[in-house]
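This report describes the ligand site of one protein model and then some points of its backbone. Please have the sequence and the structure open while reading.

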Amino acid sequence: MKNTKIVIHGKKKLCGSVKISGAKNAALPQLAASLLTTSEVHFQSVPQVEDVKVMFHALKNLGAEGIFDADTVYIQVPELKSTEIPPEIGKTSRASILILGPLVARNGYAKVSRPGGCPIGDRKIDFHLQGLGQMGVTIQETPDYIIAKADNGLHAIDYTFPNKTVTGTENLLMAAALAQGKTILRNCALEPEVGDLIDLLTTMGSHIQGKNTETLTIAGQNRLNGARHTLIPDRIEMGTYVIAASLKGNNEIMIENAIPEYIDGLLSVLTQIGIEVAAWDGKITVRTRGPLCPVEIETLPYPGYPTDLQAQLTTLLTQAQGVSKIKENIFNNRFQHADELNKLGANIEVDRDIAIIRGKTPLNGRTIRATDLRASAALVLAGLIADGQTVVENAYQLLRGYENMPQKLRQLGADITLIDE
Ligand code: EPU
């Protein structure tokens with residue numbers, strides 16, 4: 001197996017501008033939505049990251065024709081050549097679960113591998129299966145597969161998600177788009193990626209009411225059309241660069257292709273920490289003056305503070321003067337970066353769902369290991385401010401979700417190299 005590493009020599013000033021790519025978590029469900037039509041769907045601003053490549057490959061395996069070139073995807077599924085996502089494709093990301101809804105809605109049968117993705121805790125899918133079950137889908141679960149059958153097609157439901165789920169909302173939205181009748185989904189996730197999927201489905205001919213609210217009403221159609229769609233910018237990538245800029249006093253970064261309101265939760269926390277952030281016209285600038293203040297925050301569904309920016313904020317808070325606390329409410333094993341940051345000299349204590357960060361601690365470079373996608377970003381950020389050389393092993397994790405992050409940071413002045421052995 002390949003050992004992908006990132007080697008960083010820290011303490012370089014970051015300055016200049018960085019352009020945010022299209023959102024990974026918008027690309028994943030929207031590529032899956034191409035199964036809902038036999039016509040071509042054309043996407044722009046698609047990030048070339050490993051998880052999206054896996055989704056594209058999974059769809060090709062099912063019979064999709066198309067190309068993924070630079071940031072553009074043309075995809076069309078005129079007919080299905082397979083109805084199965086095998087574990088070797090499904091286990092690395094959330095692709096297979098996002099394919100389940102649209103595939104069974106189109107074909108009446110789907111056999112998909114249990115989903116993989118980051119090992120950040122129990123990643124349950126019971127609401128996806130419950131909702132599909134109510135739509136008339138018979139679900140059979142095996143250790144490796146979820147097998148879904150709907151001999152008479154799907155019918156509309158009135159379903160309330162017991163808790164907010166992003167991919168659950170997306171899955172049932174896509175299934176409802178081809179179901180018979182008017183579906184009402186309640187307590188839906190409000191993440192911008194859900195809104196972007198609604199925009200795509202609407203362009204494909206769906207009738208959906210309630211965008212950006214918790215209640216969505218979907219009038220099912222017999223068929224959908226092709227579409228052209230540009231993905232929204234990646235708010236987690238945006239937030240990661242905002243935090244990178246905040247790490248050191250003399251950094252001066254401008255972030256372009258940004259939608260600052262998508263990261264209001266982060267920007268208000270940064271203001272409490274003492275960082276000056278200016279946002280206007282698709283751009284964000286960040287300046288750090290004086291000592292950083294500690295904060296107490298908790299992760300919440302959108303528009304609250306995102307779990308996907310929790311690890312990166314932890315790195316920043318190692319540089320705040322005093323005791324900070326972060327409560328992780330979304331996933332039950334998402335503090336794996338804490339041990340690695342402690343190896344660099346941080347003082348982080350994890351007590352179940354709370355991380356207590358005592359700062360300010362100088363960080364010293366050494367070899368550390370990425371456990372998941374956002375943890376890997378947190379470790380790279382730590383390397384940027386550590387003394388000497390930091391090596392982040394298992395850096396494949398970073399490539400799953402950040403487009404060209406080592407290159408983008410190098411352009412800003414970081415001394416960072418990606419090594420693929
Ligand atoms: N949950 C259930 N039952 C379900 C579905 C979810 O109990 O049927 C629970 C989960 O166990 C978890 C919580 O609800 O505790 C939230 O999970 P959610 O379903 O919202 O997460 P997800 O859809 O699997 C997406 C993103 C994640 C992001 C979360 C939360 C995609 C492809 N993934 O995951 O992104 O952390 O929402 O915002 O959209 C990442 O990009 O690094 C990443 C992990």
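## Shell around the ligand

In this predicted model, the shell around the ligand has eight nonpolar, five polar and 10 charged residues. Ala, Val, Leu, Ile, Met, Phe, Trp, Tyr, Cys and Pro count as nonpolar, Asp, Glu, Lys and Arg as charged, and the others, Gly among them, as polar. Of the 23 residues around the ligand, D126, T165, T167, D308 and I330 come nearest; a residue is near a molecule if one of its heavy atoms lies within 4 Å of it.

Residues are numbered from 1 along each chain as its sequence is written. Local features need pLDDT of at least 70 and side-chain atom pairs pLDDT 80 or more, whereas totals for chains, interfaces and linings use all residues, and side-chain values use heavy atoms, with hydrogens and water left out.

## Polar contacts and burial

A backbone N or O atom of F127 lies 2.7 Å from a ligand oxygen. For R374, a polar side-chain atom is 2.8 Å from an oxygen atom of the ligand, and for R334 the distance is 3.5 Å.

Taken alone, the ligand exposes 830 Å², and the protein buries 90% of that (Shrake-Rupley method, 1.4 Å probe).

## Elements and domains

Two or more shell residues come from each of α1 (24–33), α5 (126–134), α6 (166–177) and α12 (373–385). Helices (H or I, at least four residues) and strands (E, at least two) are DSSP runs, numbered from the N terminus. Domain 1 (4–21 + 233–420) and domain 2 (24–230) each give at least three residues to the shell; their bounds come from an automatic or database domain assignment.

## Backbone points

Most residues other than glycine have a negative phi, and most peptide bonds are trans. A cis peptide bond joins Y302 and P303, with omega about 10°; P303 is in the loop between β18 (296–298) and α10 (310–317). Another cis bond, between G359 and K360, has omega about 0°, and K360 lies in the loop between β21 (354–359) and β22 (367–369).

S45 has a positive phi, near 65°. This residue is in the loop between β3 (41–44) and α2 (50–62).

Methods:
Polar contact = N/O pair within 3.5 Å; in protein donor to acceptor, adjacent residues only side chain to side chain.
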